[in-house]
Amino acid sequence: MVKVKHTPERTCVACGQKLPKRELLRIVRTPLGAVHVDPTGKAAGRGAYLCGSAACWQRAIHKGGLERGLHAQVCAPDREQLMAYFQQYVQQHAAGPSAAEE
Ligand SMILES: [Zn+2]
């Protein structure tokens, strides 16, 4: 008998693709109004999810998809910080799984 494990799915705010939660990156708007990437997926606040596609990050961050997902404005320094995080994330993943572990 094959047991089907239920995987929670979330939608990328840029491309609308549904993916298992662990394959997406969560961006959170904290109750204090700061917007940042939430690597734990558990930070308090309103969250929006993005897949690992650079095009999605560009689109969500610069064309407003993220702001719609978070129901908030994202200021320029926060946008830069999110893109910086993503660049680093991509590099870590390109370097292999061991490099992704802190
Ligand atoms: Zn996407």
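Visitor: Which residues are the protein donors of the zinc ion?
Guide: The donor atoms lie 2.3 to 2.4 Å from the zinc ion, where a donor is an N, O or S atom within 2.8 Å of the metal (3.2 Å for Na, K and Ca), and sites may look incomplete because water is not among the atoms. This is a predicted model, so local features need pLDDT of at least 70 and side-chain atom pairs pLDDT 80 or more, while totals for chains, interfaces and linings use all residues. Residues are numbered from 1 along each chain as its sequence is written, and side-chain values use heavy atoms, with hydrogens and water left out. Each donor is an SG atom, and they belong to Cys 12, Cys 15, Cys 51 and Cys 56.

Visitor: What is the geometry of the zinc ion's site?
Guide: Four donors count as tetrahedral if all angles lie between 85 and 135 degrees. Here the angles among the 4 donor atoms are 101 to 118°. The site is therefore tetrahedral.

Visitor: Is Cys 56 buried or exposed?
Guide: Buried means under 20% relative accessible area and exposed over 50%, with partly exposed in between (1.4 Å probe, protein chains only). Cys 51 has 6% relative accessibility and is buried. At 3% relative accessibility, Cys 56 also counts as buried.

Visitor: Which strands stand at the edges of the sheet?
Guide: Strands (E, at least two residues) and helices (H or I, at least four) are DSSP runs numbered from the N terminus, and two strands pair if DSSP finds at least two bridges between them. The open sheet has 3 strands in the order E4-E3-E5, paired antiparallel. A single partner strand is what each edge strand has, so one side is left without a neighbour in the sheet; these are E4 (35-38) and E5 (46-50).

Visitor: Which residue forms a salt bridge with Asp 38?
Guide: A salt bridge needs a side-chain nitrogen of Lys or Arg within 4 Å of a carboxyl oxygen of Asp or Glu. Asp 38 is in strand E4, and its partner is 12 residues apart from it, in strand E3. The closest N and O atoms are 2.6 Å apart, and the partner is Arg 26.

Visitor: Which helices hold Arg 79 and Glu 67?
Guide: The side chains of Arg 79 and Glu 67 meet in a salt bridge at 2.9 Å, N to O. The two residues are 12 residues apart in sequence, so the pair ties together separate parts: Arg 79 lies in helix H3, and Glu 67 in helix H2 (residues 65-70).

Terms used. Four donors count as tetrahedral if all angles lie between 85 and 135 degrees; four count as square planar and six as octahedral if opposite donors are over 155 degrees apart and all others between 65 and 115; anything else is irregular.
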